[in-house]
Amino acid sequence: MTSEAVADQLAHYLEKCESELVRVMDFWLKHSHDEEFGGFFVCLGQDGKVYDETKYCWLQGRQVWTYSKMYNSIPRYHTDQVLNAAKKGGEFLMEHVKNPANNKCHFAVTRSGEPIKIQRTIFSECFYTIAMAELARATGETKYKTEAVAMMDQLQHWVMVDDSALGRPQLAGSPPVNSLAVAMIFIILVEELAHDDDALRAKYAPLEEWSLKQSMQHIQRNGKAVLEIVSADGKELPGCQGRLMNPGHAIETGWFLLQYAKRHDRRDLYDTIIQGFIIDPFQTGWDKEHGGIFYFLDADGLSPTQLEWDMKLWWPHCEALIAFMMVYRETREERYLDFFKQVWDYTFKHFVDPKHGEWFGYLTQEGRVKQNFKGGPFKGCFHVPRCLLMCAEIIREILEQ
């Protein structure tokens with residue numbers, strides 16, 4: 001394409017990202033606020049009706065981050081309504097989700113904040129951290145940044161020193177492993193917490209480097225596969241657990257790593273990141289018959305044991321859109337715009353709900369809506385608005401250049 005044609009195409013994507021972001025945010029602003037107890041209703045049906053008052057805490061933290069990020073980034077959302085909702089969500093997290101006795105965060109609580117379930121993982125705490133970090137920027141209140149730093153210190157201790165407080169007994173038949181979900185998340189956590197604070201960036205540089213090393217260990221089979229779980233020393237594990245691939249997760253890791261490499265001027269990492277974490281997982285994970293990105297795959301081509309393996313979920317497509325636009329910005333190679341268009345066309349045809357707003361999250365392999373709710377235990381106000389916001393920001397940067 002000519003440069004003018006590329007600019008026109010990018011301008012079209014920018015306009016669509018901006019208008020779709022308004023539709024998505026309007027859905028959550030209208031339906032999800034709990035004015036009585038604070039925090040957010042996350043279990044919302046297709047039309048926004050609350051079908052369960054349980055508050056899933058991954059999504060409480062993620063929505064506080066999203067609201068704070070929108071408040072800080074887009075004039076349309078720099079409003080008292082958005083800021084007050086974010087603050088009430090943050091206070092709900094501090095008062096009801098975090099257990100001050102051990103710094104663990106509940107996975108689910110009742111509408112009023114009584115604990116229901118706790119996980120022996122670190123992810124509720126990770127989303128608590130990014131919520132507090134971005135809320136601190138939105139409000140200027142130091143107490144939220146203090147909370148974010150304290151939780152990050154706790155997370156660093158759990159993953160680099162001693163995780164016994166998480167309550168996972170070490171069983172003889174289940175040695176320690178390196179999970180991509182844990183490995184990759186600290187690349188983005190350090191970025192979220194410290195991108196405007198040089199002292200914090202220096203403090204958490206060892207954690208960032210640990211995260212990079214752990215993530216790179218998941219590139220296996222001569223660079224042709226990103227395995228979801230490897231041994232603690234970075235080797236392929238036996239059985240179906242060792243062969244498991246999650247293409248969307250690999251792609252998400254890819255753009256986390258690409259941000260890291262750009263920020264640290266690590267051009268030596270670009271080829272591995274772009275080809276190994278983004279292009280290969282996408283091409284392997286794309287359903288050539290029906291379109292869309294498979295949820296799980298087996299590295300040997302066997303049937304994954306996950307019953308939902310062939311479903312198409314919203315969030316891998318969000319991550320692919322971010323990744324391909326980011327790679328295009330770095331390389332200006334037109335083929336990455338072609339990949340972006342491929343994902344864009346499928347996503348806007350199948351996931352977007354033109355009637356009620358927001359996106360469906362779960363499709364069959366053939367692309368039919370499987371579950372029509374807009375929010376649930378793992379889907380909330382996060383992946384879609386983050387995708388649309390980031391794609392718009394990257395496109396603006398490209399057009400300005």
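In the predicted model, Val 6, Gln 9, Leu 10, Tyr 13, Lys 16, Cys 17 and Glu 20 of helix H1 are in contact (heavy atoms within 4.5 Å) with Glu 334, Leu 337, Phe 340, Lys 341, Trp 344 and Phe 348 of helix H13. The residues of this contact comprise 8 nonpolar, 1 polar and 4 charged. The axes of H1 (residues 3-31) and H13 (residues 334-350), as lines fitted to C-alpha atoms over the stretch in contact, come within 13 Å and cross at roughly 35°. The crossing of H1 with H13 is left-handed, the near helix being turned anticlockwise from the far one by less than a right angle. Helices are DSSP runs of H or I with at least four residues, and strands are runs of E with at least two.

The end C-alpha atoms of H13 are 25 Å apart, which agrees with the 24 Å that its 17 residues should span at 1.5 Å a residue. Buried residues (under 20% relative accessible area, 1.4 Å probe, protein chains only) of H13 include Phe 339, Val 343 and His 350. Among the elements covering the buried residues of H13 are H1, H11 and helix H14 (383-400).

Helix H11 (residues 270-285) reaches 21 Å from its first C-alpha to its last, close to the expected 22 Å. A kink of about 30° lies at Ile 279, shortly before Pro 281; the bend is the angle between axes fitted to the seven residues ending there and the seven starting there. Both Ile 279 and Pro 281 are buried.

Residues are numbered from 1 along each chain as its sequence is written, and side-chain values use heavy atoms, without hydrogens and water. Local features need pLDDT of at least 70 and side-chain atom pairs count only at pLDDT 80 or more, whereas totals for chains, interfaces and linings use all residues.

Technical notes. The expected span of a helix is 1.5 Å times one less than its number of residues. Buried means under 20% relative accessible area, exposed over 50%, partly exposed in between (1.4 Å probe, protein chains only). Axes are lines fitted to C-alpha atoms, for helices over the stretch in contact, and angles run from 0 to 180 degrees between N-to-C directions. Ala, Val, Leu, Ile, Met, Phe, Trp, Tyr, Cys and Pro count as nonpolar, Asp, Glu, Lys and Arg as charged, and the others, Gly among them, as polar.
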